[in-house]
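User: I would like to learn how to read a structure of this kind, feature by feature. Could you take me through the general idea each time and then the case at hand?

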Amino acid sequence: MSLIQILKTLEKSWEREDILLKIKNGLGTDEIVDEFLLNNELKIKKLNSLLKQEDIDLLNQVEKLSTCESKLINKIKYANHLEKNESQEIINQKKTSPTKKVPSNRISSFMINWSNKFVVIALLTISAIALSKQAWA
């Protein structure tokens, strides 16, 4: 069997539509690859014996191309996800009007700033009253 014949039979065994169907049916990528290697073990051994150094270099380049495509797909997917999140945040911000935000922020900042001071002043006042009562007694 020649190199070209082996490649053609392996290509027929690895039809993208069939692979996509397996993925949709829940098969993992490792399972799909292992099944392919098992079904085509003899052809792959023969292919490896016929490969020259330039063929191996070409395979390395194809592998790098596939890696680049995979990274591109992930970045596109991630960018789309980011855009959805940003638009959702904008929608949420528009839903809560600024007039509703300001009073609650004012009340909470007032409580944070003055609650501790109020407690300290109240305790000092109580202590002063208690001490003055003791002094007069």
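User: To begin with a single side chain, does Lys22 count as buried, partly exposed or exposed, and at what relative accessibility?

Analyst: The general idea is a scale of relative accessible area, on which buried means under 20%, exposed means over 50%, and partly exposed lies in between, with a 1.4 Å probe and protein chains only. Lys22, at 26% relative accessibility, counts as partly exposed. Before going on, note that this is a predicted model, in which local features need pLDDT of at least 70 and side-chain atom pairs count only at pLDDT 80 or more, while totals for chains, interfaces and linings use all residues. Residues are numbered from 1 along each chain as its sequence is written, and side-chain values use heavy atoms, with hydrogens and water left out.

User: Which residue forms a salt bridge with Lys22, and how far apart are the closest N and O atoms?

Analyst: Side chains of opposite charge can pair when their charged atoms come close. The criterion here is a side-chain nitrogen of Lys or Arg within 4 Å of a carboxyl oxygen of Asp or Glu. Lys22 forms such a bridge with Glu35, where the closest N and O atoms are 2.9 Å apart. Because Lys22 lies in helix α2 and Glu35 in helix α3 (residues 29-39), the pair ties together parts that are 13 residues apart in sequence. Glu35 is partly exposed, at 31% relative accessibility.

User: How many salt bridges does a search of the whole structure find?

Analyst: The search finds two salt bridges. Lys45 counts as exposed at 51% relative accessibility, whereas Glu41 is partly exposed at 40%.

User: How should I read the helices, and how many are there in the protein chain?

Analyst: Helices are DSSP runs of H or I with at least four residues, strands are runs of E with at least two, and both are numbered from the N terminus. The protein chain has six helices and zero strands. Confidence is given as pLDDT, the predictor's confidence in each residue from 0 to 100. Its average over the protein chain is 78, and 65% of the residues score at least 70.

User: Which residues make up the largest nonpolar core?

Analyst: In soluble globular proteins, nonpolar side chains tend to be buried together. A nonpolar core is a set of buried Ala, Val, Leu, Ile, Met, Phe, Trp, Tyr and Cys residues joined through side-chain atoms within 4.5 Å. The largest one here has five residues, namely Ile6, Leu10, Phe36, Ile44 and Leu47. The elements that give two or more residues to this core are α1 and α4. Taking contact as heavy atoms within 4.5 Å, and not counting residues up to four places away in sequence, Phe36 touches Leu10, Ser13, Trp14 and Ile44.

User: Where is Asn40 found, and is it buried or exposed?

Analyst: Asn40 sits in the loop between α3 and α4. With a relative accessible area of 4%, Asn40 is buried. Leaving out residues up to four places away in sequence, Asn40 touches Leu10 and Ser13. Over the protein chain, buried residues make up 6% of the 137 residues.
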